[in-house]
Amino acid sequence: MKVITKTMLAAFAGLTLFTSCDKNKDETKNLTLNIKGLEDLGANFRYEGWIMVAGSPVTTGVFSVNASGVLSQTTFPIPEEQLNAATKFILTIEPFPDPSAAPTATHVLAGDFAGNSAGLTIGAPDALGNNFLSATGKYVLATPSDADMTNEKSGVWFIGALPPAVGLSLPVLPAGWKYEGWGVAGGKVFSTGTFTNLSAADDFKGFSGPLGTPPFPGEDFLVNAPAGSTFPVNLSGGLAVISIEPFPDNSPAPFVLKPLLANIPAGVMEHTVYNMVNNAVASSPTGTAVK
């Protein structure tokens with residue numbers, strides 16, 4: 001008969017404890033994402049998830065989204081110890097390939113864990129920090145950059161009165177984001193330029209004529225038409241849009257976040273102020289992260 005001494009039991013207990021601790025350290029647990037409303041970022045960008053652990057970001061993995069908004073991956077194995085300690089989830093837009101192991105400033109969604117689940121919104125402090133429900137806007141069709149009075153419906157300016165005055169009421173954006181104006185006619189989308197200052201000109205005047213333009217966001221679509229388009233373009237029956245764009249921008253098309261929208265009437269009057277509609281709820285992605 002083999003005798004087991006107290007010393008042997010103690011040694012066995014220590015070995016068991018060490019093995020158990022080491023096993024727990026190596027075990028993983030799935031983080032599950034259920035997100036709706038994201039868009040395809042194209043070939044050069046990806047979405048990346050992050051959990052905050054002891055105040056530091058820990059990546060949960062990279063994924064793409066197809067044209068139907070379906071995520072390429074929804075479950076992500078994470079070291080169990082880290083996932084259990086996570087206090088927040090943050091979703092960012094990252095370049096692909098990504099030269100940095102740190103998250104960009106372009107935070108799309110975020111939320112604090114309450115128990116094992118975090119509700120994800122653009123309005124979370126760690127995302128854009130605003131739900132844009134109070135955003136308002138006005139627009140006018142006019143072409144101040146040339147002297148021709150027959151093409152006044154070929155320009156859109158986001159102004160609230162004539163003479164020109166501020167027409168947009170939008171919150172200040174965090175780093176990693178810019179506003180962009182758009183005119184849509186005949187199914188074709190034309191940018192008016194990006195901006196962060198509501199009471200100054202945007203960063204683009206490449207379609208406007210030779211004369212001066214108001215010091216506010218907007219554009220005349222008169223010259224240098226993109227391939228496949230012809231200027232001037234009549235915006236009657238089209239759209240006026242304000243979007244929120246990632247910076248750097250992933251696409252020449254509008255991003256999914258479009259807080260302000262206007263259906264331009266077919267019988268629109270030039271030099272007349274029209275209201276835009278708040279479109280924040282319809283265009284904002286939402287979701288949950290479950291650990």
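Two strands pair if DSSP finds at least two bridges between them. Helices (H or I, at least four residues) and strands (E, at least two) are DSSP runs, numbered from the N terminus. This is a predicted model, in which local features need pLDDT of at least 70, side-chain atom pairs count only at pLDDT 80 or more, and totals for chains, interfaces and linings use all residues. Residues are numbered from 1 along each chain as its sequence is written, and side-chain values use heavy atoms, with hydrogens and water left out.

**First selection: β1 and β4**

Select residues 28-36, which form strand β1; five bridges join this strand to β4, and the two run antiparallel. Within the pair, threonine 32 stands opposite threonine 75 of β4. In a regular strand the side chains alternate between the two faces of the sheet. On β4, Phe76 and Ile78 make up the covered face, while Thr75, Pro77 and Pro79 make up the uncovered one.

**Second selection: aromatic pairs**

Rings of Phe, Tyr and Trp (its six-membered ring) pair if their centres lie within 6.5 Å; planes under 30 degrees apart count as stacked, over 60 as edge-to-face and the rest as tilted. By this rule the count comes to 11 aromatic pairs. Display phenylalanine 63 and phenylalanine 76: the ring centres are 6.0 Å apart and the planes stand at 50°, so the pair is tilted. Phenylalanine 63 belongs to strand β3 (residues 56-63) and phenylalanine 76 to strand β4 (residues 75-79), and the pair links distant parts of the chain, 13 residues apart. Buried means under 20% relative accessible area, exposed over 50%, and partly exposed in between (1.4 Å probe, protein chains only). Phenylalanine 63 is buried at 2%, and phenylalanine 76 is buried at 3%.

Next, display phenylalanine 221 and phenylalanine 231, whose ring centres are 5.9 Å apart with planes at 45°, so this pair is tilted. Phenylalanine 221 and phenylalanine 231 each lie in the loop between β13 (218-220) and β14 (239-246), so the pair ties together parts that are 10 residues apart in sequence. Phenylalanine 221 has a relative accessible area of 0% and is buried; phenylalanine 231, at 11%, also counts as buried.

Which order do the strands of the five-stranded open sheet follow? The order is β12-β11-β14-β15-β17, with antiparallel pairing. At the edges are β12 (188-195) and β17 (277-278), each of which pairs on one side only. Strand β11 (residues 177-185) is joined to β12 by seven bridges, and the two run antiparallel. Glycine 183 has phenylalanine 190 in β12 as its bridge partner.

Select asparagine 151, in the loop between β8 (136-141) and β9 (155-157). Is asparagine 151 buried or exposed? Asparagine 151 is buried, with a relative accessible area of 8%. Its side chain makes a polar contact with the side chain of aspartate 146 at 3.0 Å; a polar contact is a pair of N or O atoms within 3.5 Å, where within protein one must be able to donate a hydrogen and the other to accept it, and residues adjacent in sequence count only if both atoms are side-chain atoms.
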